[in-house]
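Reader: Before I plan anything around this model, I would like to go through it with you piece by piece. Could you take my questions in turn?

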Amino acid sequence: MVRKVFLINSVAGGAAVWAGLPARAMGEESAPPVDLPLENGRRRLVAYPQKRPLLVLTSRPVQLETPFSVFDEGAFTPNDAFFVRWHLAGMPTAIDEDTFTIRVRGNVERELSLSVGDLRRLAPVEIAAVCECAGNSRGFSTPRVPGGQWANGAMGSALWTGARLRDVLRQSGLKAGSVQVRFNGADVPVLPATPDFRKSLDVDLALADDTLLAYAMNGRPLPLLNGFPVRLVVPGYFATYWVKMIDDIEVLTQPDDNFWMKTAYRIPATPTGGVEPGATGFATTPIGKLTVRSFITNFATGRRIAPGLQLIRGLAFDGGSGIKEVDFSPDGGITWERGLLGPDHGRYGFRAWTAAFTAEGGKRYTLLCRATSNAGDVQPSVAAWNPSGYQRNVIEQMEVRA
Amino acid sequence: MRKAIVTAAVVAGLLGGVAFHASGAASPVSVTLPPAVEAFPGGPEADLARRHCLTCHSSDYVYSQPKLSKAQWSAEVIKMVKVYGASIPDAEVGPIVDYLVAQNGKP
């Protein structure tokens, strides 16, 4: 017991040393709190297991936000910095990969019970893909809406390795009349009356080339908090479908009407996904593909910058058509220049971009960036609003002074 | 002995902060989460929030919200009962809403 405590303290100490800060016990704040630019936006920075210090949105169930400066590290988000979002407090904290099994059942020819080893024996597929919470940036909704008050750090891109879900479903054999496939993870609600967190994909998407049961993330096992040992990866789609710690796959003959599909994670069925604040009675549809977004990663609002030539670094992504171009404006949108795109890691991943401008001492600059996808979607200059604060993708704006 | 412990700690640190069992392989993985924040300040008026809200979630779920109106807090509490199955007696819904408005509300 003493030894265990010692281990935990040492591990947390390692994380704190990494951050260049005094060593402290795990779970203690490793730095002063961070004030996100939101009402009630103060967040503790705490190193959770397998994680560097991240912004604590909530502690039970755990929700951790990636500090935005991490995104300047490159087009792949390190596992120890990847955001965390659980829905149910009954999340297992110990998993034995050797005994973990995934059931495949429902409208199938053969029920299966697969081990992680069984998945590893199927043809492995590697895909770089952005995992973004539906409510990423919810804290910037105007007017504000209840829900997880994320700034822009509930996203990340990783290289995912796994088996195609299709290969598993073919082993099981879909029967005629299959319409959706439902996924459940090993997390459970505290109260029996709370709807268990389950999500479903239409059969076509479940059978798509790129839908994976992933057992590795950036070449390493997934951190437990990101869904060890296996999570669903649905490139191009919001993270709500990327079920973590997946242990149950059920083929359905009717569209899933469980709470998490029928009531939660739905957006207004309008072209932008937005409605007028206060609107009621509108039709809704399950949230789907990621909206096109871009960010500047090497500056932050309020920052003093040096006069002279400034290099701008940023990231962009969309729902899987790939990024066509990113435009940058140093003057609040009066003039725009085409950014230079970085290496292409595939149409689902973060796409790095750069631009440059010359800053004159004493002047203020409003920096904007605007991505256009290969599908022709462009970030809007006015944010679409919806009551759940989902899929925000307005053009980002940043004020700096030289 | 001390050296062995230090080595084990360093190895665990390199592997990313997980407590590995036995072989040191990637399985099984066991983690200990930092304690949840479970503070609802106040006297007896906070007891209902402590008793009901903390069953399923930490108190930072309340304090990280923007200041919500009484109608919004009321909708949240009713959602906890009707959707998530919280067993809050009808007579206690009003006092909980009042407490949440006093803690993190707006007119």
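Reader: Leaving aside neighbours within four places in sequence, which residues is L64(A) in contact with?

Author: This is a predicted model, and contact here requires C-beta atoms placed from the backbone to lie within 7 Å. With neighbours within four places in sequence left aside, the partners of L64(A) are Y48(A), K51(A), L54(A), L55(A), V56(A), L57(A), F83(A) and V84(A).

Reader: Which residues touch the most other members of the largest nonpolar core?

Author: The largest nonpolar core has 98 residues, and L64(A) is among those that touch the most other members.

Reader: Which strand of chain A gives the largest share of the side of domain 1 that touches domain 2?

Author: Chain A is divided into domain 1 (2-85), domain 2 (101-286) and domain 3 (293-401), and 24 residues of domain 1 are in contact with 21 residues of domain 2. On the domain 1 side, strand 3 (53-59), strand 4 (62-65) and strand 5 (84-85) each supply at least two residues. The largest share, three residues, comes from strand 4 of chain A.

Reader: How many residues on that side of domain 1 are nonpolar, how many polar and how many charged?

Author: Sorted by class, the side of domain 1 of chain A that touches domain 2 of chain A has three charged residues and seven polar ones. The nonpolar residues there number 14.

Reader: In what order do the elements of chain B run from the N terminus on?

Author: Chain B has five helices and two strands, and buried residues make up 27% of its 107 residues. Among its contacts with a separation of 6 or more, 51% are between residues 24 or more positions apart. From the N terminus on, the order of elements is α-β-β-α-α-α-α.

Reader: Over which residues of chain B is the pLDDT below 50?

Author: The mean pLDDT of chain B is 83, with 75% of its residues at 70 or more, while the predictor gives the complex an ipTM of 0.90 and a pTM of 0.91. Where pLDDT is low, the predicted coordinates should not be read in detail. That caution bears on two stretches with pLDDT below 50, which beyond near neighbours in sequence have 24 contacts and six contacts in the model. In chain B these are, respectively, residues 1-17 and residues 20-24.

How values were computed:
Residues are numbered from 1 along each chain as its sequence is written. Chains are lettered from A and ligands numbered from 1 in the order in which they are written. This is a predicted model: local features need pLDDT of at least 70, side-chain atom pairs count only at pLDDT 80 or more; totals for chains, interfaces and linings use all residues. Domain bounds come from an automatic or database domain assignment. Helices (H or I, at least four residues) and strands (E, at least two) are DSSP runs, numbered from the N terminus. Ala, Val, Leu, Ile, Met, Phe, Trp, Tyr, Cys and Pro count as nonpolar, Asp, Glu, Lys and Arg as charged, and the others, Gly among them, as polar. pLDDT is the predictor's confidence in each residue, from 0 to 100. A nonpolar core is a set of buried Ala, Val, Leu, Ile, Met, Phe, Trp, Tyr and Cys residues joined through C-beta atoms within 7 Å. A residue is buried if 20 or more other C-beta atoms lie within 10 Å of its own, exposed if 12 or fewer, and partly exposed in between; C-beta atoms are placed from the backbone.
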